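Visitor: Please show me the structure, and let us then discuss its side chains one topic at a time.

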Amino acid sequence: MELFLLHYPFTCLLIAFLVLYQVKPAFRFFCKMTFYKLWLFTISIGVMILSIPRGRNAENMMILRTLALPLKYIFGIQIVVKGKENLRTKKPFVLVLNHQTSLDILVMMEILPRRCVPIAKKEILYMGTFGLACWLSGVIFIDRKRREESIGTLTEVAHSLHKDNLRVLIFPEGTRNHGGSMLPFKRGAFQLAVKAQVPIIPVVLSSYNSFYNRKEKRFTPGRNGTFQASLFLLPLDFSLLVQYLSKRTWRSSRVLGKDDHPDPARSGDAWPGPRQCSQADRAGP
């Protein structure tokens, strides 16, 4: 009888928890996001231990990736990737993604190739075990409040891309965007590609709104009990980027009344467009 009375409160709490989880979307949202964060902080301890032999190394990112990906099965997230063959290159490149929520970490880990390190805000470095695991995995941190320091960091990264055979992942919007449209891009990703003379590979993440909405506190299964996030990868050759920027610069000079620059279109340097890009251009340098 005493044993029953002892377990009775815990049984009531368990029943209450299950009922709230089923009938209250906000409570379910809180539980899932708490579990998500606890998982990341817990596996970070494993990353720290397994990274000891190598120290800070970009190869450790594969350890973090392996331990993080089981979350997509736990949450029933189905990640559909289109164009992943464009990442099958051993040469450096800059990978740019639109940033929506913290769930982007799962998508990022799904497509992340070897020796590819993200560029993240410095605040993440101080997020306990997760920040330390990111540092050991080679994540590059920048202080967004110190512009000159950030530019210096990106310059160092540009020099190390070829030297250390690295790939870099950047969220060009600079912050999370929970709305339907995209925020204006920061220039860092493109300046980095120009300095290092490497191709840019843009990745478009489809909206999570069908199953996830932070404002509405909604994190529910999508069609057939799965979540779907589609990615479309298209390589953008560095030379094409320079041609495009040259054309835009010429147009700006025309508007300002400065005709000193020749028309890139007449000199054969106009933006060729996706259909005119050769297969070699699409494969990157």
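Visitor: In which loop does Gln-100 lie?
Guide: This is a predicted model, in which local features need pLDDT of at least 70 and side-chain atom pairs count only at pLDDT 80 or more, while totals for chains, interfaces and linings use all residues. Residues are numbered from 1 along each chain as its sequence is written, and side-chain values use heavy atoms, with hydrogens and water left out. Helices (H or I, at least four residues) and strands (E, at least two) are DSSP runs, numbered from the N terminus. On that basis, Gln-100 belongs to the loop between β2 (94–97) and α5 (104–111).

Visitor: Is Gln-100 buried or exposed?
Guide: Buried means under 20% relative accessible area, exposed over 50%, and partly exposed in between (1.4 Å probe, protein chains only). The relative accessibility of Gln-100 is 11%, so Gln-100 counts as buried.

Visitor: Which residue has its backbone oxygen 3.4 Å from a polar atom of the Gln-100 side chain?
Guide: A polar contact is a pair of N or O atoms within 3.5 Å; within protein, one must be able to donate a hydrogen and the other to accept it, and residues adjacent in sequence count only if both atoms are side-chain atoms. The backbone oxygen that lies 3.4 Å from the polar side-chain atom of Gln-100 is that of Leu-205.

Visitor: How many aromatic pairs does a search of the whole structure find?
Guide: Rings of Phe, Tyr and Trp (its six-membered ring) pair if their centres lie within 6.5 Å; planes under 30 degrees apart count as stacked, over 60 as edge-to-face and the rest as tilted. Searching the whole structure gives a count of eight.

Visitor: Why is the pair of Phe-29 and Tyr-212 classed as it is, and how many residues apart are the two?
Guide: The ring centres of Phe-29 and Tyr-212 are 5.6 Å apart and the planes stand at 40°, so the pair is tilted. Phe-29 is in helix α2 (residues 25–50) and Tyr-212 in strand β7 (residues 212–213), so that the pair links distant parts of the chain, 183 residues apart.

Visitor: What is the relative accessible area of Phe-29, and what is that of Tyr-212?
Guide: Phe-29 is buried, at 8%. Tyr-212 also counts as buried, with a relative accessibility of 6%.

Visitor: How many disulfides are there?
Guide: A disulfide is a pair of cysteine sulfur atoms within 2.5 Å. Cys-31 is buried at 16% relative accessibility, and Cys-134 is buried at 6%. By the distance rule, the number of disulfides is zero.
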